[in-house]
Amino acid sequence: MRLLLVEDDAMIGEAVQGALSDSGYAVDWVTDGLTALATLRTQHYDLILLDLGLPGKDGLSVLASLRASGHEAPLLILTARDSLDDRLRGLDGGADDYVLKPFHMAELLARLRAVLRRRSGSAQPLLGTRAVSLDPVSKCASSSEASEVQLSNREFALLQALLIRPGAILSRSELEDRIYAWGNEVESNAVEFLIHSLRRKLGSQVIKNVRGMGWMVSKDA
Ligand code: CA
């Protein structure tokens, strides 16, 4: 899952990027509002983490521009501003939730998962189908052939990308896009390698190959 972090504080930015990367998310980090808007025009993100106090264009203006242009990615505000008015303007302006600084990484991660769950229309903490399920907290997966198998960060990211919309086919470049952030080195056969190791752990039928198009996890019939 690919996230955009918009945060001008270097210490917070590094800490958040590090913690989210350790949890299996691909995180791109920008430090001002205009760069954030430019980046969002060209790159798909599954979720945006947006600081409010930013140089140039502040967070609430970034949010307003995004939503006005029809951009619908889930968005979580990170704010040191404890004014009720800012929080309400953020939520009413189209943010999904906010986290008050200073926050614990565990809380940020839990809120992020909650936002993604709500957006996917499910209150269930597990992602999955009848054939395969994934726990975003422990990064363990289960299938008819294996239970509670621990996945690596990249295996987790790949399976998560496929399980967000069972039945949808993702190409190699779409999968790479969701698994790797800027600056990550991507080996040419990395996606095939991850799929091979997921099949070894969970059974060969869990991820289907759609010839010439990509891969998918089947929808429940
Ligand atoms: Ca700031």
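The model is predicted, so local features need pLDDT of at least 70 and side-chain atom pairs count only at pLDDT 80 or more, while totals for chains, interfaces and linings use all residues. Residues are numbered from 1 along each chain as its sequence is written, and side-chain values use heavy atoms, with hydrogens and water left out.

Overall, the chain has 8 helices and 11 strands (DSSP runs numbered from the N terminus: helices are H or I of at least four residues, strands E of at least two). The radius of gyration of the chain is 18 Å, close to the 17 Å that the globule rule gives for 221 residues, so the chain is as compact as a globular protein of that length. This radius is taken over C-alpha atoms, and the rule is 2.2 Å times the number of residues to the power 0.38. Along the principal axes, the C-alpha atoms fill a box of roughly 50 × 35 × 30 Å. Of the 221 residues, 47% count as buried. Among contacts (heavy atoms within 4.5 Å) between residues at least 6 apart in sequence, 59% join residues at least 24 apart.

An open sheet of 5 strands with parallel pairing has the order β2-β1-β3-β4-β5; two strands pair if DSSP finds at least two bridges between them. At the edges stand β2 (26-30) and β5 (97-100), each with a single partner strand, so one side of each is left without a neighbour in the sheet. On average, neighbouring strands are turned by 20° against each other, direction ignored. Strand β1 (residues 2-6) is joined to β2 by 5 bridges, and leucine 3 has valine 27 of β2 as its bridge partner. Between β1 and β3 there are 4 parallel bridges, and valine 6 stands opposite leucine 50 in β3. β3 and β4, which also run parallel, are joined by 4 bridges; leucine 49 has leucine 76 of β4 as its bridge partner.

In β3, 5 of the 5 residues are buried, so this strand is largely enclosed by the rest of the structure. Leu47, Leu49 and Asp51 lie on one side of β3 and Ile48 and Leu50 on the other. In a regular strand the side chains alternate between the two faces of the sheet. Helix α3 (residues 59-68) lies across β3 (47-51) and β4 (75-79), and runs at about 150° to β3. Axes are lines fitted to C-alpha atoms, for helices over the stretch in contact, and angles run from 0 to 180 degrees between N-to-C directions.

Elsewhere, asparagine 189 sits in the loop between α7 (172-179) and α8 (190-202). Asparagine 189 is partly exposed, at 47% relative accessible area.

Key
Buried means under 20% relative accessible area, exposed over 50%, partly exposed in between (1.4 Å probe, protein chains only).
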